[in-house]
Amino acid sequence: MRKVNLILVIFFVIPFFFACSNTNEKTNSEEQKDSLITNNEMNEGEMLTKKYCSACHKMEGNGDQSTNGPRLAAIQKHYKPMYQGKQEFSDSMISFLKAPTIAKVLMPGAVKKFNLMPIIPVPDEDFKKITDYIFDTKFNNNKGNKNKSISVELNNGNKWKIEQELLAYVYEMKEMLTLDTEKNKAEYQQLGKDLFSVMKKCVLYNADNKETEVQIRAFFKGIENNVHNLMIAENPVEAQKLLEKLKNDLSNFENFFEV
Ligand code: HEC
């Protein structure tokens with residue numbers, strides 16, 4: 001009888017006890033491990049970003065203070081509407097970091113201001129930690145930048161001289177905005193992307209002089225913002241409002257620029 005009891009204990013009770021305590025222990029320790037990993041990765045991502053990027057990219061704050069490159073907050077703001085999932089965000093950013101080209105650029109204004117970013121030698125295994133950090137961080141966006149957003153000005157009361165090519169891009173954008181059939185979220189995002197690619201040509205446009213280029217950038221700054229907002233518009237009402245704003249802003253172009 002005692003033997004049977006012992007066997008019962010060995011074969012049923014003990015394994016049962018272990019199974020229970022095991023699963024509990026496992027979930028607890030797994031949770032702990034998970035949160036540790038996230039914390040470590042966050043810290044590591046931040047550390048690596050500071051190590052490799054901070055010479056040229058400040059985290060946040062006033063964009064005008066930085067002399068070597070745009071703020072990371074601004075970079076995140078330009079990438080997120082275009083690449084909405086974390087994977088797509090990091091794949092695209094890593095592709096840019098490994099081989100920066102004008103074709104991949106999402107910040108044409110920054111390229112005009114600072115020139116294209118050089119290749120930074122970062123070990124392969126560190127790229128994702130850096131881009132995840134830039135994706136996850138809640139930057140204190142726009143602080144001090146909002147009031148400073150430049151607006152376009154006339155050239156001593158005269159319009160800025162530009163070539164037909166630039167005007168043609170502006171017409172192209174206007175035409176894209178006249179299609180007024182209602183779209184779904186993905187279609188508005190696509191329209192935003194299409195508008196962005198033409199707007200990018202405008203911002204990258206080589207004018208006769210730097211002053212004109214600064215004014216072109218100023219003119220498109222608000223437009224760029226609304227194009228980003230269109231990419232992430234939650235519903236057709238919001239999207240239609242943005243389209244109206246964009247039409248309105250673009251209709252001002254010829255008040256400041258002429259061929
Ligand atoms: C030597 C200076 C320098 C360093 C170091 C540097 N960058 Fe840049 N970066 C720039 C400049 C200048 C620009 C703006 C021009 C451009 O967009 O290419 C830029 C732009 C960018 C952009 C936006 C590209 C676009 O236009 O779409 C991303 C993303 C970026 N940097 C990420 C990083 C990351 C991540 C690091 C660190 C691994 C880093 N940069 C290190 C100078 C630098």
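What percentage of the 259 residues in the protein chain is buried? Buried residues make up 21% of the chain.

**Figure 1. Overall organisation of the protein chain in the predicted model.** The chain contains 10 helices and 2 strands. Read from the N terminus, the order of elements is α-α-α-α-α-β-α-α-α-α-α-β. Among contacts in the chain with a separation of 6 or more, 71% join residues 24 or more positions apart.

**Figure 2. Packing of helix α7 against helix α8.** Two packed helices are described by the angle between their axes and the distance between the axes. For α7 (residues 185-204) and α8 (residues 210-231), the angle is about 165° and the axes lie 8 Å apart. Angles over 145 degrees count as roughly antiparallel, and α7 and α8 are therefore roughly antiparallel to each other. The crossing of α7 past α8 is left-handed.

**Figure 3. Residues in the contact between α7 and α8.** On the α7 side, the contact is made by Y188, Q189, L191, G192, K193, L195, F196, M199, C202 and V203. The α8 side supplies I216, R217, F220, I223, E224, V227, L230 and M231. By class, this contact comprises 13 nonpolar, 2 polar and 3 charged residues.

Methods. Residues numbered from 1 in each chain as written. Predicted model: local features only at pLDDT ≥ 70, side-chain atom pairs only at ≥ 80, totals over all residues. Axes fitted to C-alpha atoms, helices over the stretch in contact; angles between N-to-C directions. Helix = DSSP H or I, 4+ residues; strand = E, 2+ residues; numbered from the N terminus. Parallel < 35°, antiparallel > 145°, perpendicular 65-115°, else oblique. Left-handed = near helix turned anticlockwise from the far one by under 90°. Contact = placed C-beta atoms within 7 Å. Nonpolar A, V, L, I, M, F, W, Y, C, P; charged D, E, K, R; others polar. Buried ≥ 20, exposed ≤ 12 C-beta atoms within 10 Å, placed from the backbone.
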